[in-house]
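Please look over the sequence and the structure first, and then go through the points below.

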Amino acid sequence: MKYSQDCKLSRHSAAWTFSLLLLLFSDQAVTPQTDWPYVGGDPGAMRYCPLDQINRENVQKLQVAWTFHTGGLSPEVRNSAIQCTPIVVEGVMYLTSPDTQVIALDAATGRELWRFDPQRSRHRHLYHRGVAYWSESGGQGGKQRILFATPDGYLYSLDARTGRLDPAFGREGIVDLREGIEGDLSGLIYGVSSAPAIFEDLVIVGFSLDESYVAGPGDVRAFSVRTGKEVWRFHTVPRPGEFGHETWRGESWKDRGGVNNWSGATLDLKRGLVFVSTGSAGFDFYGGDRHGDNLFANSVIALEARTGKRVWHYQLVHHDLWDYDLPAPPTLVRVTHQGRGIDAVAQITKQGFVFLFDRVTGKPLFEMVERPVPSSDVPGEKSSATQPFPVKPPPFAHQGFTEDDLTNISREARAAVRAKLEGARFGPLYTPPSLSGTIYSPGTIGGGNWSGAAFDPRTGLLYVNANNLPRLVRLGLTSDPRAPYWDYGYLRLTDQEGYPGVKPPWGTLTAIDLNRGEIRWQVPLGEFPELTRRGIAPTGTPNLGGSIVTAGGLVFIGATMDEKFRAFDSVTGKLLWEYKLPFGGYATPCTYSVGGRQYVVIAAGGGGKLGTKSGDAYLAFALPETKKR
């Protein structure tokens, strides 16, 4: 990881903070900037910035500096959302609208500079999480490009100064990502929801796909930023003769969909490594047609960024039957273990685990054990007898389900949920789907999800928000021999009022010490005001959208169904500030400085899987300006 891409210390920052960062990254060049040039803040997605103008002492003074409405809301697209983290380069902010228009703003004022409308996917449910920036000659007089890809499978290159398509890239600025793909993709999802990764002159993309028996290939692909030509492709389902092919029994590898890197990639620029995390193989809940461990599904993979060749991998779920995709890109961190600093990779999961690996070798830094798990009794299924469990850190989400976990917010709620248990099976983590129905926890939106984690290199603390939301999955026999079982019940377990059917907290924010492998603190994240008025302590809410951490000692996060944006003390977890957004902040914020003033920006687009009202706003917060004499 090269720290030269991180944010710049403000003129108000203390010198000791910068000195400490120099020590932490003494083997790397450090050239601080005022920008947020990657959706994750830096190439390794730490989501940390050493700005401290906004800090514990003054965060309560934050006010809205500007608001920008993107447009692009459509009554034909139900629950549209903005999941984009803006990037900021040289005082210009680049972001996307609910319908995937790309817009450039003056980052200090929110004034629109240009916009590009791809005019595609108008009537689809769109989720888009950001764009990437590339420049030559350090951006000083050379070419500057904004690279982004759309959910319907097109990759674009725009001039960062004007928003015009680059005529040298692909066909007049556009690459059709479906070209060069074996098989028929008509009628299938094959697109991109996350920001691409940029390494030297390569743009690296992973794909969002169907999760059924018939789905597109999940191969990771790299293209030339200058020409749009494909440079390499990594087969996430190994072909004959490739490493891992034997983990697919018989011919089950053929035409196999899924195994996709939908959450985006991270980069170690110094070592020339790209890190990807993958999802499950299709179909999500039945694997009788894909016996074996199914590499490289549910794996962290280190690839050579220039060639796409595998360096190492670690599979975190064998033969997935729970839709336990690795939901967020690996976070590149530096930790201290046994008295020495180690460059590492942290991977959060839907199950509520944090797995920590040596970045170079892939060796787990905490002990990993293969534990026996319940077996499937669905005809034709051969579930894995064991699954990997990290001994440390402890899970950050509740795992498994028993009657003791039933909601306790009222007798009526408990009775309503208990009635839904009739005939269903439940038990520890990795209890498999069944014909009678299985309640399993965490459910398909976590634990952790695409919101990922933030890491403070000064303290070794990793911050992750999570859901405690069981799912009920019931398999049923179909008449199609190619797809013998289907999920006829795929429901959240809720009470009679629609609240989660388990004991609170339903949403949490957790600080995890990666040096020691311990949870430092955990607090409920969000509340249902109507329950608070009944005298029920804040329960946390289902949440989607991530956090950032700053040298000012703050963790900023939206994500919650109560539509609030919050700042927590990064050391204690104490809530220091909150603001009611016009729409839910189901995205990860960013922070940057322009003209000596620090801003924090979050997309307030609502909608999405949490189903609150949809919007099209970005809000920037800053401290009040001091009057000039």
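The model is a predicted one, and the secondary structure of its chain comes to three helices and 40 strands.

**The sheet around E37**

- The pairing of strand E36, which covers residues 564-569, with E37 is antiparallel and runs over five bridges.
- Both strands belong to an open sheet of five strands with mixed pairing, whose order is E1-E34-E35-E36-E37.
- Strand E1 (48-49) and strand E37 (575-580) are the edges of this sheet, and because each has a single partner strand, one side of each is left without a neighbour in the sheet.
- E1 pairs with E34 in the parallel sense over two bridges, and here Tyr-48 has Val-549 in E34 as its bridge partner.
- E34 pairs with strand E35 (residues 554-557) in the antiparallel sense over four bridges, and Thr-550 stands opposite Leu-554 in E35.
- These two strands, E34 and E35, form a hairpin with three residues between them, and in its turn Gly-553 has a positive phi of about 80°.
- Along strand E34 (residues 547-550), Ser-547 and Val-549 point one way while Ile-548 and Thr-550 point the other way, and all are buried.

**The chain as a whole**

- A compact globule of 629 residues would have a radius of gyration near 25 Å, and the 23 Å of this chain agrees with that.
- The C-alpha trace spans about 75 × 60 × 55 Å along its principal axes.
- Of the 629 residues, 64% count as buried, while the accessible surface of the chain comes to about 22800 Å², with 50% of it belonging to carbon and sulfur atoms.
- When contacts between residues at least 6 apart in sequence are considered, 62% of them join residues at least 24 apart.

**A buried methionine**

- Met-93 has its place in strand E4 (residues 92-96), and because its relative accessible area is 0%, which is under 20%, Met-93 counts as buried.
- Leaving aside residues up to four places away in sequence, Met-93 touches several residues, among them Trp-66, Pro-86, Ile-103, Leu-105, Tyr-592 and Val-601.
- Gln-83 is ten residues from Met-93 in sequence, and their C-alpha atoms are 15 Å apart in space.

**Backbone features in loops**

- The peptide bond from Gly-282 to Phe-283 is cis, with omega near 0°, and Phe-283 lies in the loop between strand E18 (273-277) and strand E19 (299-304).
- Gly-446 and Gly-447 are likewise joined by a cis peptide bond, with omega about 15°, and Gly-447 is in the loop between strand E27 (438-440) and strand E28 (453-456).
- His-319, a residue other than glycine, has a positive phi near 45°; its place is in the loop between strand E20 (310-315) and strand E21 (331-337), and His-319 counts as buried at 2% relative accessibility.
- Glu-563 is not a glycine either, yet has a positive phi of about 65°; Glu-563 lies in the loop between E35 and E36, and is buried with a relative accessible area of 7%.

Conventions
Residues numbered from 1 in each chain as written. Predicted model: local features only at pLDDT ≥ 70, side-chain atom pairs only at ≥ 80, totals over all residues. Heavy atoms only, no water. Rg over C-alpha atoms; globule rule 2.2 N^0.38 Å. Buried < 20%, exposed > 50% of the residue type's maximum accessible area, 1.4 Å probe, protein only. Contact = heavy atoms within 4.5 Å. Areas by Shrake-Rupley, 256 points an atom, 1.4 Å probe, with all protein chains shown as cover. Pairing = 2+ DSSP bridges.
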